[in-house]
2 protein chains.
Amino acid sequence: MASARIVIVKSRLLAGLRAALGDRHVTTDPERLASVEVDWTRRFRGRALALVRPGTTDEVVATVRACADARIPLVPQGGNTGLVGGGVPHEAVVLSTARLTAVEPATVDGQVTVGAGTTLASVQEHARMAGWAFGVDFAARDSATIGGMVATNAGGVNVLRYGAMRQQVVGLEAVLADGSVISRTSGLLKDNTGYDLAGLLVGSEGTLGVVTRARLRLVPPLPRRAVALLALTDASAAVTLAAELRRRLPSLLAAELFTDAGLRLVLDHARLAPPFATHAPVYLLVECGETEQDPSDSLAAALDAAGFDGDALLEADADARERLWQYRERHTEAINAEGVPHKLDVTLPLDRLAAFLGRVEGVVDAAAPGTRTYLFGHVGDGNVHVNLVGPSSEDEAADDAVLRLVLELGGSISAEHGIGRAKARWLAADRGRPDLAAMRAIKRALDPDGILNPGVLFG
Amino acid sequence: MASARIVIVKSRLLAGLRAALGDRHVTTDPERLASVEVDWTRRFRGRALALVRPGTTDEVVATVRACADARIPLVPQGGNTGLVGGGVPHEAVVLSTARLTAVEPATVDGQVTVGAGTTLASVQEHARMAGWAFGVDFAARDSATIGGMVATNAGGVNVLRYGAMRQQVVGLEAVLADGSVISRTSGLLKDNTGYDLAGLLVGSEGTLGVVTRARLRLVPPLPRRAVALLALTDASAAVTLAAELRRRLPSLLAAELFTDAGLRLVLDHARLAPPFATHAPVYLLVECGETEQDPSDSLAAALDAAGFDGDALLEADADARERLWQYRERHTEAINAEGVPHKLDVTLPLDRLAAFLGRVEGVVDAAAPGTRTYLFGHVGDGNVHVNLVGPSSEDEAADDAVLRLVLELGGSISAEHGIGRAKARWLAADRGRPDLAAMRAIKRALDPDGILNPGVLFG
């Protein structure tokens with residue numbers, strides 16, 4: 001039951017927001033709030049006090065100030081495609097970036113400046129129209145927004161080549177908790193003038209500021225491609241070969257690993273023909289890209305030079321490349337057909353990745369006997385998706401065992417999804433007390449009243 | 001005249017440091033202090049209370065704690081090759097990183113972990129021995145240390161391809177002002193677990209922590225090279241062509257611009273033959289690198305595709321490439337022979353670089369008539385070195401006019417050298433009040449007593 005004071009504070013806040021943004025863009029209609037109170041996985045649910053849709057940076061400032069004055073938490077929300085509950089409100093105002101979609105034309109040197117609410121697909125299309133490409137891509141491209149991708153340092157399939165979002169951001173505009181606007185979007189590629197505030201905001205999950213605009217670097221389009229599927233004797237050989245290829249092939253775009261257990265599941269589920277006459281314990285899928293020249297020859301030469309002599313398929317034709325990718329890409333649906341998996345998104349140091357892959361099934365089996373473990377991921381950047389089928393949704397014994405193994409080997413409990421609310425209880429174990437204390441000090445310094453996305457990161 | 005309290009504090013501090021580090025590594029000998037009290041340009045001078053040389057991270061912790069307890073400032077110093085006075089002590093203890101030189105062998109996947117005192121040349125050599133290369137290079141490689149390079153986010157000639165130091169750092173160990181050690185050096189390429197403290201420390205110029213170790217990514221060696229020297233009608237054409245080449249040539253390593261005034265000076269000073277039969281207003285020097293294949297053909301094809309039809313020289317042979325580079329590299333000595341230049345290191349947004357190059361001479365001439373202006377720089381990343389010959393050392397009218405023009409066009413007053421003490425008075429004008437307030441809040445949060453490198457950045 002809300003106290004009289006809270007009711008008064010809330011009604012004053014709403015009146016202030018309506019005065020600043022207009023009635024149309026401030027709503028408390030329960031039906032409209034419902035859509036922002038739950039994430040798309042339906043796992044995280046909360047309660048919104050209001051939904052506001054500012055159309056300009058000034059209106060974001062007005063929103064932040066109104067919430068700060070009322071001491072009411074504010075949760076920024078983009079495409080609501082996050083996986084860790086970081087955009088779900090808990091008695092908070094939700095600031096939707098849906099109207100912050102202004103796009104400035106790409107510059108001749110390959111940079112584009114977009115509003116936080118611009119979708120990834122829209123940025124990719126703007127890049128393409130200007131003769132460039134964007135370095136980040138993933139499946140939720142039609143919903144995920146640049147603001148959310150900046151806030152979570154989103155990754156995807158091309159991190160090996162281009163890095164994650166932090167490496168694409170040339171400049172940011174953001175509103176801090178005190179309503180001040182930091183802005184550096186003139187597109188400087190070299191800029192040593194004090195602390196990298198933009199880099200700090202990337203990955204801060206909405207806890208330090210509301211991103212309103214981003215200036216992004218574009219990358220050269222690479223229309224000529226070659227894909228190879230390679231059969232290997234063990235995970236260690238796959239890790240070593242991926243490293244050798246990275247050293248020998250500047251054109252390398254992706255290096256993906258999966259195991260025979262996953263391949264058999266995919267063959268069965270998707271009714272695909274096996275790639276080779278005999279099965280191997282581990283497979284590596286690599287892709288190279290060039291602007292003009294077919295990269296097949298250099299990929300074949302690099303495999304020779306690296307001493308690889310196992311079964312291999314190498315394709316340059318688009319349809320044939322797509323067929324090879326199916327063995328990797330259809331893992332998710334094949335695993336989902338087995339049951340509701342526990343999905344863990346972890347990174348290992350590359351020099352301990354093989355050790356992790358060798359030990360994880362034993363660790364899972366000891367914690368939750370009978371669990372089926374399916375492993376695949378971006379071996380080029382140490383990111384493994386651990387899928388556990390068998391335990392009930394509530395039974396986290398196997399999950400905990402995997403994360404403990406990750407930490408023992410110096411890995412990270414979150415490769416690309418972030419901490420949000422879901423993993424806040426693991427953050428201290430992962431980062432250690434000095435890191436956490438420094439993070440908390442920065443949070444207090446920039447948001448002393450804890451207005452921005454409370455509960456995220458620090459629990 | 002030191003007060004009795006200060007003398008007591010200082011003698012207690014020295015006794016504490018000697019107990020922790022041993023007498024040999026704590027000195028107050030004026031002759032040895034003299035070498036750390038002045039920077040290598042001899043422009044910045046200060047006074048050191050003591051020079052300490054910790055050999056381990058624990059000894060750095062002891063040093064930081066002792067200074068914090070005594071409220072005596074601490075200035076970290078690496079190779080002392082900085083250009084903005086950021087490593088010069090003012091009544092402070094100097095912490096030399098000279099003994100922090102432990103190197104762990106490069107991993108199979110191309111990462112190397114080194115102590116802060118390791119020189120750039122040593123890292124390059126370790127990379128080479130392991131079959132890799134390091135992505136940052138510049139002239140002071142035999143003295144500059146990784147700790148200083150991290151603290152200043154050092155750049156150099158290959159930023160266009162690999163980024164500056166921030167992009168090479170996979171993990172850092174650093175001691176914060178409270179003596180706590182943040183450490184994440186297991187080499188994670190994907191890691192979304194809270195704030196990017198390592199990225200924040202890069203470029204913080206010793207004001208937030210003392211870097212003790214860094215884990216660095218290595219890059220594939222590119223032994224096959226091609227260099228082209230291109231004559232252009234104006235700066236705008238050079239900027240546009242460089243952007244086109246970046247879009248068409250993933251192998252592009254460098255894109256350097258200079259003007260006919262600079263070329264004539266170089267030809268005269270170094271007694272070189274002119275590259276072409278006729279002079280052009282602007283020249284562009286580009287270099288491409290590949291692992292296996294000679295990049296000459298793809299460079300020539302990209303020039304054609306970009307519609308370039310001016311005078312050009314294209315060389316793949318090492319000696320011939322070196323001869324082309326001379327026209328660019330001998331600018332510094334040719335300008336120095338003209339007089340003591342004022343050197344400004346600025347970055348412009350690439351889409352305003354041509355406007356800057358077109359206006360800067362007029363602005364200089366209005367502020368200090370008769371000044372000779374020589375422009376060259378890394379056009380690929382917007383970094384221009386503005387050299388002014390004529391005004392006396394004390395006369396900063398032309399410098400100020402250039403920096404005002406830079407700010408008017410949305411540029412940065414420091415591309416790669418940093419702020420230090422030299423440019424602290426310009427920082428607020430460059431970054432704006434909200435940025436500066438956020439930086440100060442972060443500084444206060446992590447170093448409330450202002451122990452680490454006071455005076456740097458904030459004046």
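Begin by selecting Arg213(B) and Glu104(B), which form a salt bridge whose closest N and O atoms are 2.6 Å apart; a salt bridge here is a side-chain nitrogen of Lys or Arg within 4 Å of a carboxyl oxygen of Asp or Glu. The pair links distant parts of the chain, with Arg213(B) in strand S9 (residues 209-217) of chain B and Glu104(B) in strand S5 (residues 103-104) of chain B, 109 residues apart. Helices (H or I, at least four residues) and strands (E, at least two) are DSSP runs, numbered from the N terminus.

Before going on, note that this is a predicted model, in which local features need pLDDT of at least 70 and side-chain atom pairs count only at pLDDT 80 or more, while totals for chains, interfaces and linings use all residues. Residues are numbered from 1 along each chain as its sequence is written, chains are lettered from A and ligands numbered from 1 in the order in which they are written, and side-chain values use heavy atoms, with hydrogens and water left out.

Colour the pair by accessibility: Arg213(B) is partly exposed at a relative accessible area of 22%, and Glu104(B) is partly exposed at 38%. In these terms buried means under 20% relative accessible area, exposed over 50%, and partly exposed in between (1.4 Å probe, protein chains only).

Next, select helix H4 (residues 120-129) of chain B, where Arg128(B) and Glu125(B) lie three residues apart, about one turn of the helix. Their side chains meet in a salt bridge of 3.0 Å, N to O; Arg128(B) is exposed, with a relative accessible area of 53%, and Glu125(B) is partly exposed, with 37%.

Now turn to the place where the two chains meet, and select Lys190(A) together with Asp381(B), whose side chains form a salt bridge of 3.5 Å, N to O. This pair crosses between chains, from the loop between strand S8 (181-184) and helix H7 (197-201) of chain A to the loop between strand S15 (372-378) and S16 of chain B. Lys190(A) is buried at 3% relative accessibility, and Asp381(B) is buried at 4%.

Asn383(B) is buried, with a relative accessible area of 1%.

Across the interface of chain B and chain A the rule finds ten salt bridges, and 39 residue pairs are in polar contact, both residues at pLDDT 80 or more.

Finally, show the whole interface, where the contact (heavy atoms within 4.5 Å) takes 82 residues from chain B and 82 residues from chain A. The two chains bury about 6700 Å² between them, 58% of it on carbon and sulfur atoms; buried area is the accessible area (1.4 Å probe) that two parts lose on being put together, summed over both. In chain B, the residues that lose the most area to chain A are Lys190(B), Asn192(B) and Tyr195(B), together 16% of what that side buries.

Methods
Polar contact = N/O pair within 3.5 Å; in protein donor to acceptor, adjacent residues only side chain to side chain.
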